[in-house]
Amino acid sequence: MMVDLSAIAAAMPYLLNGLWFTVQITVVGVTGGIVFGSLLAVARLSRNRIVSSLATAYVNLMRSIPLILVIFWVFFLVPWAIGWMTHSGRPVAVGASLTIFVTFVLFEAAYYAEIVRAGFRSISPGQYAACEALGLSKFHAYIYILFPQAIRNVLPILLTQTIVLFQDTSLVYVISATDLLGAATKVAQRDGRLVEMYLTVGVIYFVICYAASQFVKQLQGRLAYGVR
Amino acid sequence: MSLLFEPTPDGAGRYLDWIVSGLGWTLGLALGAWTIALVVGTLVGVARTLPKGILPRLGRVYVETFRNIPLLVQMFFWYFVLPELLPVRIGMAIKQMDPPWGSFIPALICLGLFTAARIAEQVRAGLQALPQGQIQAASALGFARGRMYRLILLPQAFRIILPTLTNEFMTIFKNTSVALTIGLVELTATAREINENTFRTFEAFGVVTIVYLVIALLAWQIMSRIERAVQLPALAGGSARP
């Protein structure tokens, strides 16, 4: 079987369009995931038993089930949930992108929560005590003192998880969304070019993820020598 | 949960039977792939710690390739692309395999080799965490390299990495769901099929979610039992840094 390069060139604009959606999912997943995940991490450290065990249950549940299953849950249930909230009594059609954004924030938050929590635990207890002694409110203590240190301590792991997230976006294939892989699949099926398309997306994913992981490795080296 | 005991549209049984069958494929795929991953991962991990030669470089290429391409894309590679690249006769033979096996075997190879890359990194980290004195002492005692790894280095390295291996073991059960994209009717695909037949979304996905939770709990239990069973008294307290 010969690989037809002109077919790849012809499909490139469409593939790049798909890549743009992949990037969008990643950006929404990272920002939403870190914000919600940090809230979950703070909730897990709360002295309020109910708050902390609810957060723990959420994180453990999300980390025990496959992402594809979560995509299906959101895909089938969000229309019902919106219908119920708007009292229309029947499901409301929701776009695939919204489903996907919601899924990735809900799912990745559980993973980011564990990383941020590890960050909080890496801060010396003196910092917590000092915040209290200075009379900072909980909110200010977290925002100005604890969170920046926690994030800094786990930055490489946080970025590695982001690379994983970037790869995980390919799973939106299961609801026929047009991300990078989805775009490739559509071209592959239309033109009968499975080999060219899948090899091309493989190379694109590899180049991006390899470059990103090398960057993380460098950063890790630099942080290790930084002043603590 | 009455759904489970209702007859399926093909009249051959109940929905419970579908769930059991899906569970069987999920477990079979996960455990089979785990076996491949442990063997290949250990070999590649050891190769990466060798002092010189081509093997450490090949090991690195292996790990970087399998870690930087999404699992789903790899799945498509084994299922769609490989049979086209092989000689026509072999390619046709692969494509004409009977239904469950035609997707099970590519999924098994794919998930096994994918997880192997991740295990290789952990094995390498475990080996590199050992003090240099271990290698020097083993050489001084006249151990050849093969026996040194088998009898001295690997047993200690594996004890160090058991917690991260536990994580990996729990992940492999979740990753089996990706095989539904190449047509394997494992647990998640079963939930989708039941949903399509009954439109009882909550029950269909609810049951399968609970099954995944139970699997995760059992996998964790098994690994922590192993962890306790192989713990060395002198190194008790988890991280084995003498």
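Why does A:A109 count as buried? In this predicted model, A:A109 has 25 C-beta neighbours inside 10 Å and therefore counts as buried, the cut-off for that class being 20 or more.

View 1. Leaving aside residues up to four places away in sequence, A:A109 touches A:G33, A:F36, A:G37 and A:L40.

**View 2. The pair A:A109 and A:G33.** Although 76 residues separate A:A109 from A:G33 in sequence, their C-alpha atoms lie 4.0 Å apart in space. A:G33 is also among the residues that A:A109 touches, together with A:F36, A:G37 and A:L40.

**View 3. The side of chain B that touches chain A.** Here 28 residues of chain B are in contact with 27 residues of chain A. On the chain B side, α3 (71–85), α8 (187–198) and α9 (201–230) each supply at least two residues, and α3(B) gives the most, with 8 residues. Sorted by class, this side of chain B has 17 nonpolar, 7 polar and 4 charged residues.

**View 4. Confidence of the prediction along chain A.** The mean pLDDT of chain A is 91, and 97% of its residues reach 70 or more. Within chain A, confidence is lowest in helix α3 (residues 67–85), where the mean is 88, whereas it is highest in helix α2 (residues 49–64), at 96.

Definitions and conventions
Residues are numbered from 1 along each chain as its sequence is written. Chains are lettered from A and ligands numbered from 1 in the order in which they are written. This is a predicted model: local features need pLDDT of at least 70, side-chain atom pairs count only at pLDDT 80 or more; totals for chains, interfaces and linings use all residues. Two residues are in contact if their C-beta atoms, placed from the backbone, lie within 7 Å. Helices (H or I, at least four residues) and strands (E, at least two) are DSSP runs, numbered from the N terminus. Ala, Val, Leu, Ile, Met, Phe, Trp, Tyr, Cys and Pro count as nonpolar, Asp, Glu, Lys and Arg as charged, and the others, Gly among them, as polar. A residue is buried if 20 or more other C-beta atoms lie within 10 Å of its own, exposed if 12 or fewer, and partly exposed in between; C-beta atoms are placed from the backbone. pLDDT is the predictor's confidence in each residue, from 0 to 100.
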